[in-house]
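The following paragraphs lead through the structure shown here, from a pair of helices to the domains and the ligand.

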Amino acid sequence: MTKEYKNYINGKWVASSSGEIFENTNPANCNEVLGRFQKSNKKDVDKAVAAAHKAKKMWRDTPAPKRGEIMYKVAELLVKNKEALAQDMTKEMGKVIAETRGDVQEAIDLTYFAAGEGRRLVGETVPSELKNKFAMSVRMPLGVVACITPWNFPIAIPSWKLIPALICGNTAVIKPAEDTPLTVVNFMNIFEKAGLPSGVVNMVTGYGPDAGAPLVEHEKVDMVSFTGSTQTGAGIASTCAQRMKQYSLEMGGKNAIIIMDDANLDLALEGVMFGGFGTTGQRCTACSRVVIHKKVAKKFTDMLVERAKKLKLGNGLDEKVDMGPLINDKAREKVHRYVEIGKKEGAKLLTGGNYANGKALKNGWFYQPTVFAGVETKMRIAQEEIFGPVVSVLACNGFEEAVDIVNDSTYGLSSAIYTQDVNRAFKAIEMLETGLTYVNASTIGAEIQLPFGGTKGTGNGHREVGIAALETFSEWKSVFIDYSGKMQKAQIDHD
Ligand code: UN1
């Protein structure tokens, strides 16, 4: 019998109130059921939020350095369990083992980095306009934070949200994506082993919107942090706006790499391969557009097609495999729909464009690495997020046009430029309307020491990770202390 995993509420592992379960499967072998998980509903969410609400005062009163020390233990346990976490993650998510190890490493980096903030959480002191008066700002927790996390970074993204939220003194309820609940169950085990007090972190697994929607709506949830689709994010934004809750959204991308005629094409090829086909194209930072100077377009496209054809598809646990499957059947259908759209729009399909049905692949959600050339910026395949291994090549006449093409997008997450001209590189950094820009490197692989997030339709202006995460998961209180012993009136007693 496949193992059943419970919800984690108030430090206990509990079954859902309905008694219903759902299963997760291995996308490289869809017949393999990995676990049975609680199909939670509003009742379970109520219990989890009540636990987080109850733990709020105790956790807020715990000195921040002490909160940080528990996070150091979390980091140590992540290090100790890195390989086991990565193995489980590849099984339930499909990406290759080198990448799932990287996913755990990202959570480790983030946890060590953010744990240190427990000893800082700095505010400001500024001189008052008046005599004998002191002015400073301190950070306050927001309260109960709801984290709704995606399947493509099953532990890194939960860590981005939970660790800074807890360091800032918030308590949390997390609802992992239905395709990757096991990794978050494993993460909860780590929090438990690290000695995090009961109720500070709670987890409800759920299927469809049954748990996520009541969590967002819950009156005792003070803030929602969401990474996922634009459609779901827009729904969360309107629910939160009506209830005056804070929310942080990280959604799609249509990230581009510019390749100038002076670029090192071999290096650029590595960047496009990694950005376009790494994680089977399922990163919000994935490179789905290559904007290339027409002088080198043909040469580069030939190189790209040759390499794409050589990618070895298969089960990500095999160290020799380059690219795993897509997450599920719906994702694969969506990718294929976009390929059909691209063909109808007049783009030239150079390689791929279909389900990968080789012998070892027919039981999984595999899709061929796909390259389109002759793509124009108005085409849907150049505008909409496909979230699969599809790279569109757009030719341009020069730098200014390349930048215009990249910026002609409703998204603004990541961008990159390959050039040897340092002046052009700096100009690109200034002009590209994205939250991340890389020079002579791919669009993927952001490190956690710096803010992560995008402009335009990618998000709502918040940033996660880096010091910026503290802004997202806390709010400011300004404090004025008047030690004059008099009634001093600000602004009025000015002269
Ligand atoms: C995502 O795809 O949602 O920069 C996050 C990167 C990773 C994070 C991606 N560090 O590609």
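Angles under 35 degrees count as roughly parallel, those over 145 as roughly antiparallel, those from 65 to 115 as roughly perpendicular and the rest as oblique. The model is predicted: local features need pLDDT of at least 70, side-chain atom pairs count only at pLDDT 80 or more, and totals for chains, interfaces and linings use all residues. Residue numbers start from 1 along each chain as its sequence is written.

Helix H2 (residues 64-80) packs with helix H4 (residues 97-117) at an angle of about 160°, their axes lying 8 Å apart; H2 and H4 are therefore roughly antiparallel to each other. Axes are lines fitted to C-alpha atoms, for helices over the stretch in contact, and angles run from 0 to 180 degrees between N-to-C directions. Helices are DSSP runs of H or I with at least four residues, strands runs of E with at least two, numbered from the N terminus.

The domain assignment, automatic or from a database, gives domain 1 (7-251 + 459-479) and domain 2 (255-439). Their centres, taken over C-alpha atoms, are separated by 31 Å. In domain 1, 17 residues are in contact with 21 residues of domain 2, contact meaning C-beta atoms, placed from the backbone, within 7 Å. Strand S5 (29-38), helix H3 (82-93) and H4 each supply at least two residues of the side of domain 1 that touches domain 2.

Residues surrounding the ligand include Glu106, Asn152, Arg283 and Gly445, with C-beta atoms, placed from the backbone, within 6 Å of it. Both domain 1 and domain 2 give residues to this shell, so the ligand lies between them.

Terms used
Contact = placed C-beta atoms within 7 Å.
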